[in-house]
Amino acid sequence: MLDTLQNSKQESIINTDSLKRGACESKTVNRWSVDEIVALFELPFSDLIHRAQTVHRENFDPNAVQVSTLLSIKTGGCSEDCGYCPQAARYHTDVENEPLMALDDVVKAAQDAKDNGASRFCMGAAWRGPKQRDLEPVLKMIAEVKAMGLETCATLGMLKEGQAEQLKEAGLDYYNHNLDTAPEFYGDVITTRTYQDRLETLDRVRSVDINVCCGGIIGMGESRNQRAGLLAQLANMEQPPESVPINLLTQVEGTPLHGTEELDPIEFVRTIAAARITMPQSFVRLSAGRQSMHEGIQALCFIAGANSIFYGEKLLTTGNPEAETDKALFNKLGIKKI
Ligand code: SAM
Ligand code: DTB
Ligand code: SF4
């Protein structure tokens, strides 16, 4: 039944009658209903994994995983209230408010990432969005990293009119901006910006032909229906994101979401599988949360269609597996880095 549904979905993409639902009506295509995605989650595990792996093999080399390295170029002191985030100034965490990094230090970190085999370098800033005087030094960083032969990615918060154009001009390949969760759970996690604000930034990125990197966080206390709701938002974008980071909440003491009930790891794998099936041509990134994830679960995520990771011992402020640990895992699984 689900196969029939999926075939009919491919056709509905070009049917303008199906332009409906979602927070941003004119930009949403009715490819997947939330109920259909919930039905994927409810499949027996082997059937779900088989289906995801089949879709994966139809679209990607199943043994190749893209690796990106992250650097926090501006850490802490953020004005926003994202309930998961250790960088929000209002929460008492160990993260200090630091100034924007110097260009030379960013270039050095990018060179290390390249030497370690990363193909993309992602620069993150704890801002609501960049002010013009903040953006200018970041444009220089992007241009220098690009000139080193790395793909460039930035995550700087909400973009105002004209800023996406400047990022494009500087050589930015990807912009990361997450929807984080389903629209109906969003207000429980963040109040200082709306879902619509996020969709607008994503539109600005798309409109200048920068690749979109957009996903969310799982394990924040959302329901399965809401996990499916996040995937529906992403899969039903007029053009789904090229890159879909699926983060497992990293619980940090001092943040409101610290102490949330831990998600069952199999449910996380199911989320990866459902992301793969609903977004067959997107890179699905197994993002935050790997440090505490058993390698067997990570292997299941790769089988379920995850084909990108963050590589290097730090994410933004929290830990990530050591590069050597990931190399050993990739060797064990016969995975090559791309
Ligand atoms: N300040 C910018 C913004 O919010 O768009 C860019 C950086 S922000 C840290 C990038 C993303 O990291 C967030 O949208 C969220 O999805 C993810 N993130 C932040 N803290 C996290 C945590 N504790 N666990 C998992 N993902 C997290
Ligand atoms: C994304 O989706 N995950 C990354 C990246 N985009 C910027 C960030 C994860 C952050 C985890 C918490 C921290 O290290 O501060
Ligand atoms: Fe600020 Fe981004 Fe953290 Fe939200 S996720 S508090 S916007 S750094």
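The crossing of α9 and α10 is right-handed, meaning that the near helix is turned clockwise from the far one by less than a right angle. The axes of α9 (residues 224-235) and α10 (residues 265-278) cross at roughly 25 degrees and come within 10 Å. That angle makes α9 roughly parallel to α10, a label for angles under 35 degrees. On the α9 side the contact (heavy atoms within 4.5 Å) involves R224, R227, L231 and A235, and on the α10 side E267, R270, T271, A274, A275 and T278. By class, this contact has four nonpolar, two polar and four charged residues.

The model is predicted: local features need pLDDT of at least 70, side-chain atom pairs count only at pLDDT 80 or more, and totals for chains, interfaces and linings use all residues. Residues are numbered from 1 along each chain as its sequence is written, and side-chain values use heavy atoms, without hydrogens and water.

Two cavities of 30 Å³ or more are found in the whole structure; a cavity is a set of points on a 1 Å grid where a 1.4 Å probe fits but cannot get out, and its lining residues have an atom within 4 Å of a point. The largest cavity holds about 800 Å³ of space. It is lined by 37 residues, of which Y84, C85, Q87, N178 and L316 are the closest to its centre. Strands β2 (120-125) and β7 (243-248) each give two or more residues to this lining, and β7 has the largest share, with three.

The second largest cavity, of about 40 Å³, is lined by I218, G219, L248, L249, Q251, E262 and L263.

How values were computed: Chains lettered and ligands numbered in written order. Axes fitted to C-alpha atoms, helices over the stretch in contact; angles between N-to-C directions. Helix = DSSP H or I, 4+ residues; strand = E, 2+ residues; numbered from the N terminus. Parallel < 35°, antiparallel > 145°, perpendicular 65-115°, else oblique. Nonpolar A, V, L, I, M, F, W, Y, C, P; charged D, E, K, R; others polar. 1 Å grid on protein atoms, 1.4 Å probe; cavity = no way out; pocket = protein on both sides within 12 Å on 5 of 7 lines; lining within 4 Å. Points joined across faces, edges and corners; volume = space filled by probe spheres on them.
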